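Here are my notes on the model you sent over. Have it open while you read, and go through the points in order.

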There are 2 protein chains.
Amino acid sequence: MAEFTNIRSPRVKAARRLTKRAFRDRDRAFLAEGPQAVREALALKDVTVELFATAEAESRHPDILAAAAAAGVPVHRASGEVMTELTQTVTPQGLLAVCRFVHVPLDEAVREGTRLVALLAHVRDPGNAGTVLRTADAAGADAVVFTDASVDPYNGKCVRASAGSLFHLPVATGAAVAEAARRTRESGLRILAADGAGTRTLDEVDLAGPTAWLFGNEAWGLPPELLDLADEVVRVPIYGRAESLNLATAAAVCLYASARVQRQTLHSVEDPPTPAR
Amino acid sequence: MAEFTNIRSPRVKAARRLTKRAFRDRDRAFLAEGPQAVREALALKDVTVELFATAEAESRHPDILAAAAAAGVPVHRASGEVMTELTQTVTPQGLLAVCRFVHVPLDEAVREGTRLVALLAHVRDPGNAGTVLRTADAAGADAVVFTDASVDPYNGKCVRASAGSLFHLPVATGAAVAEAARRTRESGLRILAADGAGTRTLDEVDLAGPTAWLFGNEAWGLPPELLDLADEVVRVPIYGRAESLNLATAAAVCLYASARVQRQTLHSVEDPPTPAR
């Protein structure tokens, strides 16, 4: 197998430019780094375009190389220098996939029957956005919507922080917040804005029904015009002296609270009646 | 007021070396950056040794300058270059306090009557550790213990991520995990290790009593010898397809679950009996 050692070779340059959003949007492709993300990408049909791997990574992950071969995905051997250039990380993990966009239309992500959604409005830090995506996946959310004022879900740091979850659940991107809110409400979900300005806390609102959580900017939260889009503004209770929670931890508390209550409710509907505990 | 413009001036160098742990330990002092952290430091008696401020920060935060003057804390005007050197951040916030260590002995942080504690074992990323500290504060925890294999709570990134919480609740540092576990148990708390290896989930264990949550390393969790120190290993339920949660979000879900149940229990004990709902 030929090894790419020159960062100026056309194929390496074509992949390298996907670190920039304008080129991602033009090629409708992005980069996913590391064994976990690459494994998830290969598990989906027609997502992985090509794979770059260092010699060390090839010998360490024979399963991934086999999956690529089975799917007919070309594998390019890359030198450490080329990999560093492509991943823009200090300690690259030796595996990088060029992937086709995986997002779905808003109407497909949010529809009747959808029970739990995270709506990201003005979330600007890619690490935070990726962490919320991972947490929404863990909490069993049906979809995550990156509205147009939020970071690009295909940003390298976001893909990395999502730890594979970008490939797990429907992600919509590019809709305006108002459009996402309208679609969400039309699909029968209540919109709860997570914000310190809420009068009621998470423990005081009814979380049993289909719910979309609206999360705002890391630093300044949700502006009044976005709070107005919500059915209710809800705050995570602060029991100690902290001024607030950071975005990703607040999202985790909200999404898990919904997941817990929704599942209890489902059980109590589905199960035969039991004596009150 | 004289302005420090030379990064080689002795006073700047003495502060600058506090970015290194060895010097922090020798001087028993650390750096706290930004208006929020500086305000919290000044609110405590005898914590702030001196303050560096840019001209812009001085005019933007007259309340902080007044608090420093009232407390007899010397304020040094610093150039932007000196501030960048001291804070090691790309966009320094213009305010930096040299603070005395604020941690307390383990026996003071954890004692009879303590109801909720976070024990950090092998947490190595300072941003994660600071976020857990902030979340523990928000959840109303009584203390946070940084065991000896965890990151230094006075690391600049940890202080920043704690968003002032380092100054809010008792923090202990330096004890071995086994010692912290013994003290915790002797103080009447159950130790729950948060780990994907748990057989029961967060929703299945009784969280009403005094509880210490043991959190492990970001990448490899808790090794068997530390899991053995716990009364029970508990996992956060994963409802979707994510492999796991990241450390700070898992900690948020666990600490808030404890806070919620403990408060419900307290209320049901304190309030007059009400009909079952």
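1. Let's begin with a loop in chain B. Asp46(B) sits in the loop between helix 3 and strand 3 of chain B; helices (H or I, at least four residues) and strands (E, at least two) are DSSP runs, numbered from the N terminus. Its phi is near 60 degrees, a positive value in a residue other than glycine. With 56% relative accessibility, Asp46(B) counts as exposed (buried means under 20% relative accessible area, exposed over 50%, partly exposed in between, with a 1.4 Å probe and protein chains only).

2. Some ground rules before going further. This is a predicted model, where local features need pLDDT of at least 70 and side-chain atom pairs count only at pLDDT 80 or more, while totals for chains, interfaces and linings use all residues. Residues are numbered from 1 along each chain as its sequence is written, chains are lettered from A and ligands numbered from 1 in the order in which they are written, and side-chain values use heavy atoms, with hydrogens and water left out.

3. In chain B, 5 strands make an open sheet with mixed pairing, in the order 1-4-3-5-2; two strands pair if DSSP finds at least two bridges between them. Which strands are at the edges? They are strand 1 (3–4) and strand 2 (29–33) of chain B, each pairing on one side only. Strand 2 of chain B is antiparallel to strand 5 (residues 95–100) of chain B, with 5 bridges between them, and Ala32(B) stands opposite Ala97(B) of strand 5 of chain B.

4. Two helices go with that sheet. Helix 6 (residues 80–87) of chain B packs on the sheet and touches strand 1, strand 2, strand 3, strand 4 (75–78) and strand 5 of chain B, its direction making about 45 degrees with that of strand 5 of chain B. Helix 3 (residues 35–43) of chain B lies across strand 2, strand 3 (48–53) and strand 5 of chain B, at about 35 degrees to strand 5 of chain B. For these angles, axes are lines fitted to C-alpha atoms, for helices over the stretch in contact, and angles run from 0 to 180 degrees between N-to-C directions. The buried residues of helix 3 of chain B include Val38(B), Ala41(B) and Leu42(B). Among the elements covering them are strand 2 and helix 5 (62–70) of chain B; contact means heavy atoms within 4.5 Å.

5. Over to chain A, and helix 5 (residues 62–70). Ile64(A), Leu65(A) and Ala68(A) are buried there. Seen down the axis of helix 5 of chain A, the buried residues fall within an arc of 100 degrees, so they line one face of the helix; the arc is that of the directions from the helix axis to the C-beta atoms. Pro62(A), Ala69(A) and Ala70(A), on the other side, are exposed. The cover over the buried residues includes helix 3 (35–43) and helix 4 (55–60) of chain A. After helix 5 of chain A comes Gly72(A), with a positive phi near 70 degrees.

6. His61(A) deserves a click. This residue lies in the loop between helix 4 and helix 5 of chain A. Is His61(A) buried or exposed? At 12% relative accessibility, His61(A) counts as buried. Neighbours within four places in sequence aside, His61(A) is in contact with Pro35(A), Arg39(A) and Leu95(A). His61(A) and Arg39(A) are 22 residues apart in sequence, with 9.9 Å from C-alpha to C-alpha.

7. Next, strand 6 (residues 116–120) of chain A: 5 of its 5 residues are buried. Leu116(A), Ala118(A) and Leu120(A) point one way, Val117(A) and Leu119(A) the other. Strand 6 of chain A runs parallel to strand 11 (residues 211–215) of chain A over 5 bridges, and to strand 7 (residues 143–146) of chain A, with 4 bridges. Val117(A) has Ala212(A) as its bridge partner in strand 11 of chain A and stands opposite Ala143(A) in strand 7 of chain A.

8. Last, the two copies. A rotation of 180 degrees, with 0.0 Å of shift along its axis, superposes chain A on chain B (RMSD 0.0 Å). The copies are thus related as by a two-fold rotation axis; they are superposed by least squares on the C-alpha atoms of residues with pLDDT of at least 70 in both. The same surface serves both, as 100% of the contact residues of chain A recur in chain B.
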